[in-house]
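User: Hi! Could you walk me through this structure, one question at a time?

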Amino acid sequence: MDKDTYVMVRRESDQMIVKMYVVPKELPGDIFVKVVSDTSEKIHQVYPMKDYTLLIGIAHSPIDFLKTFPDWAKGATTFEVEKLTDSQEQKYE
Amino acid sequence: MNSEEDKFSEEYLITIKHIVDKEYLGTFRALVPLITSLEQRKEIIDRVEGRLKDAESIKEKMVQRGIGLEQLREKILDIIGFRIIIHFLSDVPNIIALLRELPGIELNTDQQVEDYIARPQATGYRSLHINALYQQAGQDSPVPFEIQLRTALQHAWAAKSHLLVYKVDEISERWQKHFRILSDQLHLADEVADLLRAELNSETAGMV
């Protein structure tokens with residue numbers, strides 16, 4: 001799998017992407033599900049579900065992700081990217 | 001929206017998210033390497049993209065179509081979606097053949113196909129939407145997903161028109177016509193490219 005999986009956080013009030021997370025591509029399938037599912041819940045503790053939407057998608061880079069899903073990213077051009085840490089990965093091994 | 005409705009709405013979203021996490025996330029992950037493996041066919045495929053529909057979009061679609069949670073799995077078929085961008089319009093049958101060869105994937109190209117290439121939308125939107133099923137080992141039943149096929153020019157049109165109108169709630173008929181004209185011109189370019197390729201191929205074959 002060449003491409004990274006990204007989790008993007010969109011603020012509904014102005015449709016801007018406020019944060020982007022990169023999911024380590026080496027995660028085995030079942031751990032991937034657990035990491036992404038748990039991380040989504042943690043993201044929603046900071047960014048409440050009623051105000052922020054999450055999109056999970058694949059792309060070569062964050063910019064590529066925005067170009068790939070213009071209908072979702074609503075023209076956003078700036079955002080902060082964070083890689084999910086190894087500790088999150090190891091936690092489920 | 002009052003606080004009671006707000007609470008209901010959030011609980012509804014959480015339920016949808018749990019269904020997506022439990023039933024679709026693993027399948028999405030399993031499908032990514034399979035579908036993106038097609039990118040190796042650089043001569044016919046420009047790129048492959050994929051996304052998992054977000055809970056809010058799923059909820060909006062359910063509300064628009066009057067779909068209840070119990071019908072989610074059978075009525076919302078694009079929770080997992082892939083988009084295959086191709087160079088040439090005439091390669092659509094080749095892509096369908098490649099998809100049919102992928103293990104565990106069953107295409108439904110006879111029914112429920114939304115062929116917006118043959119029948120573009122009023123706005124000029126062109127793309128072929130195929131409903132498919134993926135049976136993962138160890139799963140009780142196959143999971144539905146959608147594959148969209150479009151040319152690079154059709155994708156460019158979709159991106160451009162989206163950037164122009166994403167802040168507009170409703171597009172007037174006049175603007176729809178303008179977008180349709182732009183789409184038709186790009187479609188003509190796609191058709192000319194196909195003719196050129198066919199001619200070049202026949203010339204090259206004649207030289208051998």
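**Questions and answers on the two chains**

Analyst: Happy to. Helix α1 of chain A is where H44(A) is found. One thing to keep in mind is that this is a predicted model.

User: Is H44(A) buried or exposed?

Analyst: A residue counts as buried when 20 or more other C-beta atoms lie within 10 Å of its own. H44(A) has 20 other C-beta atoms within 10 Å, so H44(A) is buried.

User: How far apart in space are H44(A) and V9(A), C-alpha to C-alpha?

Analyst: In sequence, H44(A) and V9(A) are 35 residues apart. In space, their C-alpha to C-alpha distance is 9.2 Å.

User: What share of the contacts in chain A with a separation of 6 or more comes from residues 24 or more positions apart?

Analyst: Chain A has four helices and four strands, which run β-β-α-β-α-α-β-α from the N terminus on. Of its 93 residues, 32% are buried. Among contacts in chain A with a separation of 6 or more, the share from residues 24 or more positions apart is 63%.

User: Which element gives the largest share of the side of chain B that touches chain A?

Analyst: Let's start with the whole interface: 23 residues of chain B are in contact with 23 residues of chain A. On the side of chain B, the elements that give two or more residues are α1 (3-23), α2 (25-36), β1 (45-52) and α6 (152-165) of chain B. The largest share, seven residues, comes from α2(B).

User: How many residues on that side of chain B are charged?

Analyst: Sorting the side of chain B that touches chain A by class gives 10 nonpolar and five polar residues. The charged residues there number eight.

User: Which residues of α2(B) meet α1(A)?

Analyst: From α1(A), the residues in this contact are G29(A), F32(A), V33(A), V36(A) and S37(A). By class, the contact of α1(A) with α2(B) has five nonpolar, three polar and one charged residues. On the α2(B) side, the residues are L25(B), G26(B), R29(B) and A30(B).

User: Which residue is the bridge partner of I56(A) in β1(B)?

Analyst: Strand β3 (residues 52-59) of chain A and β1(B) run antiparallel and are joined by three bridges. In β1(B), the partner of I56(A) is L52(B).

User: How many bridges join β5(B) to strand β6 (residues 143-151) of chain B?

Analyst: β5(B) also pairs in the antiparallel sense with strand β3 (residues 105-108) of chain B, over four bridges, and with strand β4 (residues 114-115) of chain B, over two bridges. H129(B) is the bridge partner of E114(B) and stands opposite Q148(B) in β6(B). β5(B) and β6(B) run antiparallel, and the number of bridges joining them is seven.

How values were computed: Residues are numbered from 1 along each chain as its sequence is written. Chains are lettered from A and ligands numbered from 1 in the order in which they are written. This is a predicted model: local features need pLDDT of at least 70, side-chain atom pairs count only at pLDDT 80 or more; totals for chains, interfaces and linings use all residues. Two residues are in contact if their C-beta atoms, placed from the backbone, lie within 7 Å. Ala, Val, Leu, Ile, Met, Phe, Trp, Tyr, Cys and Pro count as nonpolar, Asp, Glu, Lys and Arg as charged, and the others, Gly among them, as polar. Two strands pair if DSSP finds at least two bridges between them. A residue is buried if 20 or more other C-beta atoms lie within 10 Å of its own, exposed if 12 or fewer, and partly exposed in between; C-beta atoms are placed from the backbone.
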